[in-house]
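Here is a briefing for a first look. Please view the chain before reading the points.

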Amino acid sequence: MASPDMDADACESVALAVQQALAQHGYERLTTAKIAEKYENSEAGLYYYFDSKDEMIAAFLDLAADYIREDLLRVETDDPETAMRNACTFLFRTPDHEYAGIAVAIMELLSHAPYNETLRAPLLELETACLDALTDIVAAGVEQGVFREVEPRATAAFLLAAADGSTGIAVALEMDVTDDLRRGWTDYVDSLLAESG
């Protein structure tokens, strides 16, 4: 856990350094020295505020959850269809996406979550932020008659699981499925639309 003496700006700087280092090196090869390089400070400076590498990663995950909650998946209640398509474009990453490296790193972190309490809680918060945002989009679409009558949370959970899984084949393995995935989620969103008239 970060020291209570650490101000929000410094915590955000560490989180962004972790993001860059994770994207470049992955979890297994990530060291505090590599984080310090991105932070442009000493390892000792990092350890003044954090007790471990995993606590630094947790700070990044907390920031990522806030970012998703506040910005990336913001519900456009006047246009749920566009909000859903934008959310899917963001969540179904491609190998050339600016966040592709971090998506793979988060997938790697998820594999450690059952055995690492320091990472489990912020990863759960991150995935919950995605799930809640998607649920809100679906619920708004159903309420406005844009989407057919579906259970919002179940629909959101399905899309989130599909998006998380797509990171492995499309980004980590770089299988030639990018167009297929886009067609797949596009067809699924199309199937959610209420029939006109």
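Predicted model: local features only at pLDDT ≥ 70, side-chain atom pairs only at ≥ 80, totals over all residues.

Residues are numbered from 1 along each chain as its sequence is written, and side-chain values use heavy atoms, with hydrogens and water left out.

**Overall fold**
- The chain holds 9 helices and 0 strands (DSSP runs numbered from the N terminus: H or I of at least four residues for helices, E of at least two for strands).
- The radius of gyration is 18 Å, close to the 16 Å that the globule rule gives for 197 residues, so the chain is as compact as a globular protein of that length. The radius is taken over C-alpha atoms, and the rule is 2.2 Å times the number of residues to the power 0.38.
- The C-alpha trace spans about 65 × 35 × 30 Å along its principal axes.
- Of the 197 residues, 43% are buried (under 20% relative accessible area; exposed is over 50%, partly exposed in between, with a 1.4 Å probe and protein chains only).
- Among contacts with a separation of 6 or more, 70% join residues 24 or more positions apart (contact means heavy atoms within 4.5 Å).

**The largest pocket**
- The largest pocket has a volume of about 550 Å³. On a 1 Å grid over the protein atoms alone, a pocket is an open set of points where a 1.4 Å probe fits, with protein on both sides within 12 Å along at least five of seven lines; lining residues have an atom within 4 Å of a point. Volume is the space filled by probe spheres set on the points, which are joined across faces, edges and corners.
- There are 28 lining residues, and those closest to the centre are Ala 64, Ile 68, Phe 90, Arg 93 and Ile 106.
- α4 (53–72) is among the helices that supply at least two lining residues each. α4 gives the most, with 9 residues.
- The lining divides into 19 nonpolar, 2 polar and 7 charged residues.

**Helix α6**
- The 13 residues of α6 should span 18 Å at 1.5 Å a residue; the end C-alpha atoms are 19 Å apart, which agrees. The expected span is 1.5 Å times one less than the number of residues.
- Buried residues of α6 include Ile 102, Ile 106 and Leu 109.

**A loop residue**
- Glu 174 is found in the loop between α8 and α9 (178–192).
- Phi of Glu 174 is near 55 degrees, a positive value. Most residues other than glycine have a negative phi.
- Glu 174 is exposed, with a relative accessible area of 56%.

Key: Nonpolar A, V, L, I, M, F, W, Y, C, P; charged D, E, K, R; others polar.
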